[in-house]
Amino acid sequence: MPELDPVIHAESRLRAITTLNEVGERNRIAFTKLQKILEMTAGNLSTHLRKLEDAGYVTVTKTIEGRTPTTYVAITREGSTAYAAYRKALHELLTTQLTEKP
């Protein structure tokens with residue numbers, strides 16, 4: 001049976017990396033916009049993004065725009081590759097037919 005990446009497998013992290021994958025590697029999304037899309041609290045989203053960041057799947061950039069601090073999140077190339085592998089493994093898991101009956 002295929003192994004699912006435990007970093008991505010948690011529902012909140014899967015939702016976050018799926019959204020970031022749609023945004024793409026070259027584009028980034030404001031933390032507050034991502035939070036609104038995912039309907040998560042700031043603390044919960046931060047915790048899950050930290051795990052994805054520690055795995056090298058996302059980057060978090062903090063900037064000052066005008067006088068306002070802004071945080072942007074983007075998927076990395078490694079994150080895109082891991083997400084594609086996760087999708088493939090999940091598809092294989094869901095479509096695998098048992099050859100032996102229990």
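A search of the whole structure, a predicted model, turns up 1 salt bridge (a side-chain nitrogen of Lys or Arg within 4 Å of a carboxyl oxygen of Asp or Glu). Its partners are Glu-92 and Lys-88, with an N to O distance of 3.8 Å. Both belong to helix H5 (residues 77-95), and because they lie 4 residues apart there, about one helical turn separates them. Local features were required to have pLDDT of at least 70 and side-chain atom pairs pLDDT 80 or more, while totals for chains, interfaces and linings use all residues. Numbering starts from 1 along each chain as its sequence is written, and side-chain values rest on heavy atoms, without hydrogens or water.

The protein as a whole comprises 5 helices and 3 strands, taken as DSSP runs numbered from the N terminus (helices H or I, at least four residues; strands E, at least two). Their order along the sequence is α-α-β-α-α-β-β-α. Along the principal axes, the C-alpha atoms fill a box of roughly 65 × 25 × 20 Å.

Turning to helix packing, the axes of H2 (residues 11-23) and H4 come within 10 Å and cross at roughly 75°; axes are lines fitted to C-alpha atoms, for helices over the stretch in contact, with angles from 0 to 180 degrees between N-to-C directions. H2 is therefore roughly perpendicular to H4 (65 to 115 degrees). On the H2 side, the contact (heavy atoms within 4.5 Å) involves Ser-12, Arg-13, Ala-16, Ile-17 and Leu-20, and H4 contributes Asn-44, His-48, Leu-49, Lys-51 and Leu-52. These residues comprise 5 nonpolar, 3 polar and 2 charged.

H4 also features in the largest pocket, where it gives the most to the lining, with 4 residues. A pocket is an open set of points on a 1 Å grid where a 1.4 Å probe fits, with protein on both sides within 12 Å along at least five of seven lines; lining residues have an atom within 4 Å of a point. The volume, the space filled by probe spheres set on the points, is about 180 Å³. Phe-31, Ser-46, Leu-49, Arg-50, Glu-53, Val-60, Lys-62 and Thr-71 line this pocket.

Methods. Angles under 35 degrees count as roughly parallel, over 145 as roughly antiparallel, 65 to 115 as roughly perpendicular and the rest as oblique. Ala, Val, Leu, Ile, Met, Phe, Trp, Tyr, Cys and Pro count as nonpolar, Asp, Glu, Lys and Arg as charged, and the others, Gly among them, as polar.
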